[in-house]
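Here's a quick tour of the model below. Have a look at it first, then read on.

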Amino acid sequence: IIDINGNSYSFDKCVIATGSRPHKPNIPGVDTKGVFTFRNLKDAESLYARVSSARNIVVVGGGLLGLEAAKAMLRFNTKVTLVQQGPRLMNRQLDDQAAEKLQNIVTSLGIRVITNSGVRKILGEERVSGVITRDKEEIPCDTVLLCAGIKPNLELAREAKISVGNGILVDDQLETSVKDIFSIGECCEHRGST
């Protein structure tokens with residue numbers, strides 16, 4: 001292994017644990033001021049500085065992170081709308097019946113939930129003013145919080161000619177396509193799942 005300073009290291013076994021970064025959907029307006037991701041301390045600090053003045057927040061993503069973020073945003077007396085592209089909340093983890101119960105709980109907290117739709121455009125010139133959903137509904141908002149999944153950090157593996165798919169491909173022992181190099185965590189893909 002050669003580090004950023006050009007120092008060389010030998011190894012018997014190597015583990016790649018490069019993690020992931022927030023997925024930013026490829027939609028118009030995603031880089032507008034007032035759009036946030038929520039993945040690390042810097043993201044949390046930026047969002048915290050913003051939410052005290054936010055009045056209408058759209059959370060994009062109905063997974064665990066999106067649900068936690070939506071609930072947390074209620075503490076600031078804001079109007080929160082959660083937009084989930086899939087057919088139900090936590091669609092990878094829950095069946096229809098469980099997701100329906102969860103949605104009832106979430107809406108009882110005062111969060112508006114839109115499923116089977118996604119944000120197709122973020123509106124605003126200098127600052128977010130709203131979003132347009134796949135169903136062409138325009139939702140006014142001053143803040144958009146992207147909780148739409150992760151993208152595994154694959155660059156190091158690609159550069160080393162290690163096989164990748166959506167993540168660094170590993171077998172049942174977490175070994176990559178290169179002998180004695182393993183991968184673990186959000187950067188890897190095992191049996192088709194990241």
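## A histidine to start with

Is His 190 buried, partly exposed or exposed? His 190 is partly exposed, because its relative accessible area is 27% (buried means under 20%, exposed over 50%, partly exposed in between, with a 1.4 Å probe and protein chains only). You'll find His 190 in strand β14, residues 188–190; helices (H or I, at least four residues) and strands (E, at least two) are DSSP runs, numbered from the N terminus.

Setting aside residues up to four places away in sequence, His 190 touches Val 170, Asp 171 and Asp 172, where contact means heavy atoms within 4.5 Å. With Asp 172 there's also a side-chain to side-chain polar contact at 2.7 Å. A polar contact here is a pair of N or O atoms within 3.5 Å; within protein, one must be able to donate a hydrogen and the other to accept it, and residues adjacent in sequence count only if both atoms are side-chain atoms. Glu 155 is another story: His 190 and Glu 155 are 35 residues apart in sequence and 18 Å apart in space, C-alpha to C-alpha.

## Ground rules and overall picture

This is a predicted model, so local features need pLDDT of at least 70 and side-chain atom pairs count only at pLDDT 80 or more, while totals for chains, interfaces and linings use all residues. Residues are numbered from 1 along each chain as its sequence is written, and side-chain values use heavy atoms, with hydrogens and water left out.

The protein chain has four helices and 14 strands, and its C-alpha trace spans about 55 × 40 × 30 Å along the principal axes. Of its 194 residues, 40% count as buried. The chain exposes about 11,600 Å², with carbon and sulfur atoms supplying 50% of that; areas come from the Shrake-Rupley method with a 1.4 Å probe, and for residues only the protein chains shown count as cover. Among contacts between residues at least 6 apart in sequence, 53% join residues at least 24 apart.

## Inside: α2 and β5

Helix α2 (residues 64–74) has Gly 66, Leu 67, Ala 69, Ala 70, Ala 72 and Met 73 as its buried residues. The elements covering them include α1 (41–51), β4 (56–60), β5, α3 (96–108) and β10 (143–146).

Strand β5 (residues 79–83) holds Thr 81, which is buried at a relative accessible area of 4%. Beyond its neighbours within four places in sequence, Thr 81 is in contact with Ile 57, Val 58, Val 59, Arg 112, Ile 114 and Ile 139.

## Two positive phi values

Lys 136 isn't a glycine, yet its phi is near 70°. It sits in the loop between β8 (130–133) and β9 (138–140) and is exposed, at 71%.

Asp 180 also has a positive phi, about 70°, without being a glycine. Its loop lies between β12 (168–170) and β13 (181–183), and Asp 180 counts as buried at 19% relative accessibility.
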